[in-house]
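Look at the structure first, then read on.

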Amino acid sequence: MNQRKALLRVLKGERTDPPPVWIMRQAGRYLPEYRELRQQAGDFLTLCYTPEMAAEVTLQPIRRFGFDAAIIFADILLVPHALGSDLTFETGTGPLLSPIADPRDVDALRTADSVHEKLAPVGEALRIVRSALPPETTLIGFAGAPWTVATYMIAGRAVPGQIPAHEFLRRQPEAFRRLINLLTEATIEYLSDQIAAGAETIKIFDSWAGSLTGPEFQLYVTDPTQTIVRAIRKRHPGVPIIAFPRAAGDALPAFVADARPDCVALDQSVNPTWIADNLDQQICVQGNLDPALLESGGDELIAAVESVLNGFAGRPHIFNLGHGINPAAQIGNVEKLLETVRSWRPGQASAASRLPGK
Ligand code: CP3
């Protein structure tokens with residue numbers, strides 16, 4: 001059967017011109033319709049756990065922009081919540097969780113199968129979205145990678161440098177390993193449920209991968225991702241997996257070779273020429289426009305979008321940002337991004353050079 005969904009075709013290794021496009025955190029505070037529903041819900045977690053609301057928020061950017069993919073509205077910290085961590089989101093300070101200070105805090109967590117019941121509302125939201133999406137739009141499920149989720153659980157909040165997690169892994173290596181194993185298992189169960197509920201591909205966010213190097217990167221970033229990828233592939237053959245080991249740097253080629261995701265998402269620090277030299281041409285990449293350009297806009301935005309498009313023209317590519325869109329991003333700039341991606345063809349003269357006054 002011909003696959004109508006461009007994003008799924010590219011995840012299977014095809015190249016499309018122009019590439020499919022969606023943006024990380026596409027449902028969020030830069031959209032007035034999001035802010036309105038967020039205010040009605042009162043609380044971020046209410047939004048996540050009320051399937052009709054989560055589905056509505058997921059669909060908002062699809063209606064407004066017609067992206068090629070919808071990503072289910074949820075958060076990577078719902079897994080620790082299901083495992084028994086207290087979780088609140090305070091406006092301005094970000095997430096707060098009960099911190100993990102010693103091995104007993106790891107022992108007190110619930111078992112991995114708790115996610116089935118506790119995170120059932122996410123499955124319900126996926127079912128609603130799947131039945132409402134246009135036939136050409138792909139539905140993405142997601143979870144945080146064990147390392148990144150562990151950094152928030154240990155510190156109890158977002159901290160620069162993820163220092164508490166580094167300290168815990170060195171002082172309590174055995175308890176740290178148990179935490180990573182529990183998160184790996186819970187993530188496999190949660191992602192399987194998302195696929196059963198209608199997610200057509202899944203993405204693993206390892207936002208703090210870049211704070212580990214060498215053997216620790218292998219042990220806590222690559223190995224858990226490999227375990228998740230293998231388990232999901234066994235249970236759900238044919239469902240493509242996107243991995244986002246943010247700021248992995250030189251560790252990226254070995255990560256891709258060992259973890260074997262179907263696609264690797266790149267942050268904005270990654271140069272397409274370096275990718276061409278270091279990743280096999282068949283490997284699908286996603287990314288990697290600097291999100292700050294959606295605040296500033298102008299010719300610089302158009303030129304940067306084209307440079308990402310041209311940079312990855314030789315391989316399967318999904319256009320995206322290098323990290324989540326900022327609340328201060330301008331809607332007009334998202335529209336400009338989409339126009340530029342959708343009118344681009346390989347080898348064509350730059351739209352930036354065709355602007356009036358050039
Ligand atoms: O991409 C999407 O549109 C789907 C929804 C989504 C959210 N968070 C909603 C959200 C996704 C995929 C995430 C992933 C996530 N959450 C990550 C990994 C990606 C990344 O950005 O590195 C991380 C690290 C988190 C944890 C998290 N959630 C933090 C640190 C914060 C506070 C900082 C912030 O950006 O506000 C959140 C809150 C959050 N998650 C919001 C949204 C829309 C804002 C909450 C609000 O509306 O007040």
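## Strands and the sheet

Strand E7 (residues 263–265) and strand E8 (residues 284–289) run parallel and are joined by three bridges. Cys263 has Cys284 in E8 as its bridge partner. Strands (E, at least two residues) and helices (H or I, at least four) are DSSP runs, numbered from the N terminus. Two strands pair if DSSP finds at least two bridges between them.

Seven strands form an open sheet with parallel pairing, in the order E1-E4-E5-E6-E7-E8-E9. Strand E1 (69–71) and strand E9 (317–321) are the edges, and each pairs on one side only. On average, neighbouring strands of this sheet are turned by 25° against each other, direction ignored.

## About the model

This is a predicted model: local features need pLDDT of at least 70, side-chain atom pairs count only at pLDDT 80 or more, and totals for chains, interfaces and linings use all residues. Residues are numbered from 1 along each chain as its sequence is written, and side-chain values use heavy atoms, leaving out hydrogens and water.

## Helices H10 and H11

The axes of helix H10 (residues 163–171) and helix H11 (residues 173–196) come within 5 Å and cross at roughly 115°. Axes are lines fitted to C-alpha atoms, for helices over the stretch in contact; angles run from 0 to 180 degrees between N-to-C directions.

H10 brings Phe168, Leu169, Arg170 and Arg171 to the contact, and H11 brings Pro173, Ala175 and Phe176. Contact means heavy atoms within 4.5 Å.

## Helices H12 and H13

The axes of helix H12 (residues 214–235) and helix H13 (residues 252–259) come within 9 Å and cross at roughly 35°. Among the H12 residues that meet H13 are Phe217 and Val221.
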